[in-house]
Amino acid sequence: MKAIVVMFDSLNRRHLPAYGGQDVHAPNFARLARRTTVFDNCYAGSMPCMPARREMHTGRYNFLHRGWGPLEPFDDSAPQLLTDAGVHTHLATDHAHYWEDGGATYHNRFRTYEFFRGQEGDFWHGQVADPEPAPDLKRLRRPAYRQDRVNRQHLADEADHPQTRTFDAGLRFLDVNHAEDGWFLQIETFDPHEPFFSYPRYHDLYPEDYDGPELDWPDYAQVLETPEQVAHVRNRYAALLSMCDHSLGRVLDRMDEFDLWRDTLLMVVTDHGYLLGEHGWWGKNVPPWYDETIHTPLFVWDPRAGAAGERRSALVQTIDFGPTLLEWFGVPRPPDMQGRPLRDVVAADEPVREAALFGGFGGHVSVTDGRYVYMRAPATEANAPLAEYTLMPTHMMARFAPEELRDAELVPPFAFTKGVPVLRTRGQAMSNPYAFGTLLYDLHEDPGQERPLVDDELELRMIGLLTRLMRDTDAPPEQYARLGLPEHGDPGREHLQVRRHWAQVEAAREPIRREDYPRGPLSAHTPLRELLADPGARAVLQERVPGLLTGPLAAVAGGLSLVEIAAMAVGLLPRAKLQAISDALISDDQKLLGSTSS
């Protein structure tokens, strides 16, 4: 038995031909759809990158118990189970998160692996002198941004690009091993994740008259750019997606050359999508997980079923990928896995679940039945209580700090930790979902999720699905308290939340716009560090939003204006508060100018 998984990162299905995309040059994705079974209702689960990969390994949801982190000692890993069963598992990847503190246990679950440097802000080439400044529109310039400018100096040729080298390695594995039996190959590229860096031959596929500053790495924020700049970013994403399409075509060529369609399982997957201006946002993580980010493409070729060019409507998820591989190789599925093999879905569209759960740690907890989507926000603005459970206390790029662990405690096992107690620490959310409110959508009538519903009976039914899935995954008690849901018993009308949150639902739909705030010597357009350096402006901020002075945002966002901060940190600077600060700053400037003239 042989299997290939081709995995992309941040692949928005709406840009692919099989899902209605018409503006992207992707002939190989169209070719793929003709040779495989296309899934119309695949949803990711735990977000973002490494939580999604933990799901792919373990076949169970991650986001209710912890955020970004390694595989835990009690986790089942599909690649490890295959390796232990005698399957040669091989990973070829350029995904740098595997080599950070929060991803350090994943790649070692494969028997062999190869890694290619240079994606995003991968801390790769050492250069003391700053690279040439880039005339781009990137606003939040963290160390990874500088490192990316260094890395690009070494990627002038497409052959040097980590995506190219990753697929080169995957094809080498096929050249050497295609006639052997008992192997699983995962070819995994970080693309088309931002930054959307590709080459002129792909840019030329999307001609434009744009002559403004470059922008191929938008911040995770509300869109403040002009329509021309938005179109430019979307073209850069499309160009990188076309480069991914070219790499995919190379795999399909090998499938043809070696007649691997006869005996090889093929899955083409992604972890999540990406917002390219939809809902007024760039990226992910801050807003709710809208359809563009969570409703993902999935292509499967199972030679036992055939079904080339056919479509399937059954609701499937990321947690099904590991169990599908185990079933293909005849390896028993551990009882802790919640996912189900996709064999019968491919063969006959047999359902494997009634509803699917998804979200990010500390964010909305959402459920869909394939038509309706219910996004449950926390009951209060505090977004508390929130606890993280782990035996591997590392974040994305750092170990837990001692102050995070001083009040940690060892608590009894969960149902899936194999009798092992776990460490409970205070949890930290990436953003506060309360500002967006609880949301309910009908995807059949409103596929763009532009018209949230108020429907008590429907909400009550979706709450029932949500609580059932939370209980099935042994969600910690803090999650029920945070969301205002019953840990035991049936939910009732007292748990309805859409109506109670309607004010913030409507407020969150109002975009931040630069032109709504006047300019002055000190204004909402002045960088934060300049405001903090002025005693009067600092006093205004101290009175109205003290967290800007003492919180972590002040350290990383000093170069951003209040308007730009409001566009990123939803809830910290809502429109009313931003307007009041803007009025106070302009008023103080006018007073100062008046006293000077007198």
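What radius of gyration would a compact globule with 598 residues have, and what does the protein chain have? A compact globule would have a radius of gyration near 25 Å, and the protein chain has 24 Å, which agrees. The radius is taken over C-alpha atoms, and the globule rule is 2.2 Å times the number of residues to the power 0.38.

This is a predicted model, in which local features need pLDDT of at least 70 and side-chain atom pairs count only at pLDDT 80 or more, while totals for chains, interfaces and linings use all residues. Residues are numbered from 1 along each chain as its sequence is written, and side-chain values use heavy atoms, with hydrogens and water left out.

**Figure 1. The protein chain as a whole.** The protein chain contains 20 helices and 21 strands; these are DSSP runs numbered from the N terminus, with helices (H or I) of at least four residues and strands (E) of at least two. Along the principal axes, the C-alpha atoms fill a box of roughly 90 × 60 × 50 Å. Of the 598 residues, 59% count as buried; buried means under 20% relative accessible area, exposed over 50%, and partly exposed in between (1.4 Å probe, protein chains only). Among contacts between residues at least 6 apart in sequence, 74% join residues at least 24 apart, where contact means heavy atoms within 4.5 Å.

**Figure 2. Close-up of S77.** S77 is found in the loop between α2 (49–58) and α3 (78–84). With a relative accessible area of 5%, S77 is buried. Its side chain makes a polar contact with the side chain of H57 (2.8 Å). A polar contact is a pair of N or O atoms within 3.5 Å; within protein, one must be able to donate a hydrogen and the other to accept it, and residues adjacent in sequence count only if both atoms are side-chain atoms. Not counting residues up to four places away in sequence, S77 touches H57, L71 and R109.

**Figure 3. Close-up of L71.** L71 lies in the loop between α2 and α3 and counts as buried, at 5% relative accessibility. Leaving aside neighbours within four places in sequence, L71 is in contact with residues including R54, S77, Y106 and M392. L71 and L453 are 382 residues apart in sequence and, C-alpha to C-alpha, 38 Å apart in space.

Figure 4. E457 has its place in helix α12 (residues 456–472). The residue E457 is partly exposed, with a relative accessible area of 47%.
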